[in-house]
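Subject: Structure handover

Hello,

Here is the structure I said I would pass on. Please open it next to this email and follow the notes below.

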Amino acid sequence: QVQLVESGGGLVQAGGSLRVSCAASGRTFSMHHMAWFRQAPGKEREFVASIGASSTDTGYAASVKGRFTISRDNSRNTVYLQMNGLKPEDTAVYYCAARPEPSSKFLYWGQGTQVTVSS
């Protein structure tokens, strides 16, 4: 069982930066494949970025590639999403998710943290 709690959301101006964090409980955190998703009002939840257990494998949605960076600190049971060059269209609730391996479904989800980018 893994429990996820996001933090670090807030209001930022376009072009600014923000880092959101996801703190996980559970001894097996370091073995899990982690990801960030987001959901804007009136839209479906979409994939943002993912990272493998050893941090060597990362993936990004085309819309954020080059601006966002996902990382993890297994000693702190935490995964991060550094967001630079934020745009109003990045406004959404950001969710952290975990799954035992890349081929499985995401089994665990956080409650989300709101990121609002003003123009």
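This is a predicted model: local features need pLDDT of at least 70, side-chain atom pairs count only at pLDDT 80 or more; totals for chains, interfaces and linings use all residues.

Four strands form an open sheet in the order β1-β3-β8-β7, and their pairing is antiparallel. Strands β1 (3-7) and β7 (68-73) stand at the edges with a single partner strand each, so one side of each has no neighbour in the sheet. From one strand to the next, the twist averages 15°.

Within this sheet, β3 (residues 18-25) and β8 (residues 78-83) run antiparallel and are joined by six bridges. To find one of the residues involved, look for Ala23, whose bridge partner in β8 is Thr78.

The disulfide

A disulfide is a covalent bond between the sulfur atoms of two cysteines. How many disulfides does the model have? The count comes to one, with sulfur atoms within 2.5 Å as the cut-off. This disulfide joins Cys22 to Cys96, with an S to S distance of 2.2 Å. Cys22 lies in strand β3 and Cys96 in strand β9 (residues 92-99), so the pair ties together parts that are 74 residues apart in sequence.

The torsion about the S-S bond of Cys22 and Cys96 is about -80°, so the disulfide is left-handed. Are the two cysteines buried or exposed? Buried means under 20% relative accessible area. Cys22 has a relative accessible area of 0% and is therefore buried. Cys96 also counts as buried, because its relative accessibility is 0%.

Two residues in loops

Ser55 lies in the loop between β5 (46-51) and β6 (58-60). Its phi is near 70°, which is a positive value in a residue other than glycine. With a relative accessible area of 32%, Ser55 is partly exposed.

Asn77 is found in the loop between β7 and β8. Asn77 is not a glycine either, yet it has a positive phi of about 50°. At 22% relative accessibility, Asn77 counts as partly exposed; the partly exposed class runs between the buried limit of 20% and the exposed limit of 50%.

Regards

How values were computed. Residues are numbered from 1 along each chain as its sequence is written. Side-chain values use heavy atoms; hydrogens and water are left out. Two strands pair if DSSP finds at least two bridges between them. Axes are lines fitted to C-alpha atoms, for helices over the stretch in contact, and angles run from 0 to 180 degrees between N-to-C directions. Buried means under 20% relative accessible area, exposed over 50%, partly exposed in between (1.4 Å probe, protein chains only).
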